[in-house]
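Please read them with the structure open.

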Amino acid sequence: MNSLPQLRTARESAQARAAAETAASAQSSAVTTTPPPRRLPPALEHAGVPGSARSVLAELFTVGVLSGAEATAFLRKAGDRLGQLHTRERVGDALVGLGALTRYQVSRTLGGHAASLIVGPYRITDRLNSGSIGTVFAAEHPFMRRPVALKLMRVGETTLPAVVERFETEIRLLAGLNHPHIVAVYDAGSVPAPIEAGTVPATLMYLVMERVTGGDLEQYIYERGTQSVGLACEWGRQIATALDATHAAGLVHRDVKPSNLLLTPARQIKLIDFGLTREFASTATPIKSLIGSLEFMAPEQLADSPTAGPPADVYGLGATLFWVLTGQLPFPQVRTPAEAAEAIRSGQPKRLNEVAPDLPPAIDTLLGRMLSKSPGERPTAAEAAAALAEFAAPSTHPSADAVLGTGAEGSALRAAIGHLEDVVRDTARAAAAARAAVLAGLAGAAAARPTESAGHQRRIAEYARVLASKLAPHPNWPMFADPAHVADLTAAAAAHDLGLVGVPDEVLASPPGEHLPSDRHTYETHPVIGDAILEELAEAHGSALPFLRVARAVVRHHHERWDGTGFPDRLAGDRIPAAARVVAVADAYDFLRGVRNMAHAETVLNLTRDAGVAFDPLVVEALMATEAEFDRIFLTTPDRPGDVELVEVPPEYVVKSPPPADGKTWGLKAKIGGS
């Protein structure tokens, strides 16, 4: 009987895909025959054309930088000066002077790299900049003559699969976004890279985008200084609407900053560089990698980048507007990135009225909310757009009344907008219901396995909620100040052992700690199995189920250890996602109480001893501060409904009043495990 293929992690899949593409590219290069040389235009064969000019023009024609008509037109324009073009350098100067080529094209041609100017059907005209991944060039389609921005990434044997995956992600995500303030995507593809001296076979992946020619906002402010409230708020409104569309598509940009905001000649904003963008449900970002520009990063992105959500983009917009209005950053300049990160995590941003007291108090209040350390206290992108629209300059953003008018049509359109807002609110409620249903189903599947129970899952979720509440004020845990994030955490905690559905019963039946080596290896695959299940769900419905990003972090990493000896990825310290660190402590507490039958005090003592070895010391410290809550949850939440007995309990466990007449306090004690 054929065995089923092994499950592969997302990283292994990416590596395999990149290896296959590289191999296919190399094989394609090996079997492709050299096409017959193109016949030179008759004008180049004329005896009056100097050899240097003929050589340069023939090279440009052969690789496709110049068409035959363009080469002939150049010779015609050169006229009587043709005889002076007796060196390649003079030919280059003439090509630039007569408008046939750009200075960049000539530089590449004279350096022997003319072939690199052609990528698929596009002709590169200039180098613009380097983004988070790849390099961006100005280019054009030779036949359509439409100027475009061409983003290139060279993929070879040494290219990390994660980098390839990020480039592919940017292509796919941009293709799905259509918004006036998001740079448009026209085309994408890959071609064999030109083989040049000292290079190895490689592939060029390319993304063709709208060319925005007004420069970026960072450059604009450096050259022209701070801007008026009206213009800054109009730009902010445009960015916020772009972010709202991004979030509605289930995405987080994660790198909102002035240099990623381009200006059109009409001073309209375009959001660019989606190379860092992550789908709500994805954990593709390397754990704890510091991506984005530090000065514009939200505290939760510094603390736990893979699970940073839409509020992080709103924070980046708030920091950008603060800089545009004042020329200063929300936090004081410091000497090192580590000091900057610590200031953002533990300090408080400046208030706008401290730096610019003449600006409207309402703008100060709005930016204060957008820069709140708690993600849950920030407005959504849609709310920010609406608030900024009230201050937007009329010359760049006509008021709604001016656009809609006061007639019947305007009233009808206002009613339609109101209806749309109602639909959005209803959709949000439906999404919350879907989230609850999906995770309940996942948790139910895990609860059906030996060693699992619905009561155990409820206890883990409650422990996680208590820990999150205690950790929320700490500067390293700002994400837990967001009620939506805590709701995602508790729901994910209940499904933490989802991967047990793929572990055989006989392995689960072995007493804990007594697995044979082969069985132990099988058991330790369950986080990977669970993550693979959620990955499938994310690929199909990720944009509709944003909570999956937290669920995947918990399911995959709740067995990691602080010292790096856990499984499946041997992450250490704060490279372990924050949500997984919380669930690890919650799960260990419940295991020691319910399976090992330890008393509460002994359990807490054991976890304290393992702080800094198996567990995050801060999470254990939070448990110690809330241990009475843990004991109450354990004693009052049975494994199965009905498994309770009436016992005398400590008075602090009694929630209802008044006290009983006999002076004693009684409660329902859960029957758990062997207790």
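1. In this predicted model, Arg146 places its charged end over the ring of Tyr186, at 3.9 Å from the ring centre. The contact counts as a charge over a ring because the CZ atom of an Arg has to be within 6 Å of the ring centre and within 35 degrees of the ring normal.

2. How many aromatic pairs does a search of the whole structure find? The search gives eight. One of them joins Tyr122 and Tyr206: the ring centres are 6.1 Å apart and the planes meet at 65°, so this pair is edge-to-face. The cut-off for that label is over 60 degrees.

3. Which strands hold these two tyrosines? Tyr122 belongs to strand E2 (residues 122-130) and Tyr206 to strand E6 (residues 203-210). The pair therefore ties together parts that are 84 residues apart in sequence.

4. Are Tyr122 and Tyr206 buried or exposed? Tyr122 is buried, at a relative accessible area of 7%. Tyr206 is buried, with a relative accessible area of 7%.

5. Tyr220 and Trp235 form another pair, with ring centres 5.5 Å apart. Their planes are at 85°, so this pair is edge-to-face. Tyr220 sits in helix H7 (residues 217-224) and Trp235 in helix H8 (residues 229-248); the pair links distant parts of the chain, 15 residues apart. Both Tyr220 and Trp235 are buried.

6. Please also look at the cluster made by Tyr463, Tyr589 and Phe630, which ring pairs link together.

Notes:
Residues are numbered from 1 along each chain as its sequence is written. This is a predicted model: local features need pLDDT of at least 70, side-chain atom pairs count only at pLDDT 80 or more; totals for chains, interfaces and linings use all residues. Side-chain values use heavy atoms; hydrogens and water are left out. Rings of Phe, Tyr and Trp (its six-membered ring) pair if their centres lie within 6.5 Å; planes under 30 degrees apart count as stacked, over 60 as edge-to-face and the rest as tilted. Helices (H or I, at least four residues) and strands (E, at least two) are DSSP runs, numbered from the N terminus. Buried means under 20% relative accessible area, exposed over 50%, partly exposed in between (1.4 Å probe, protein chains only).
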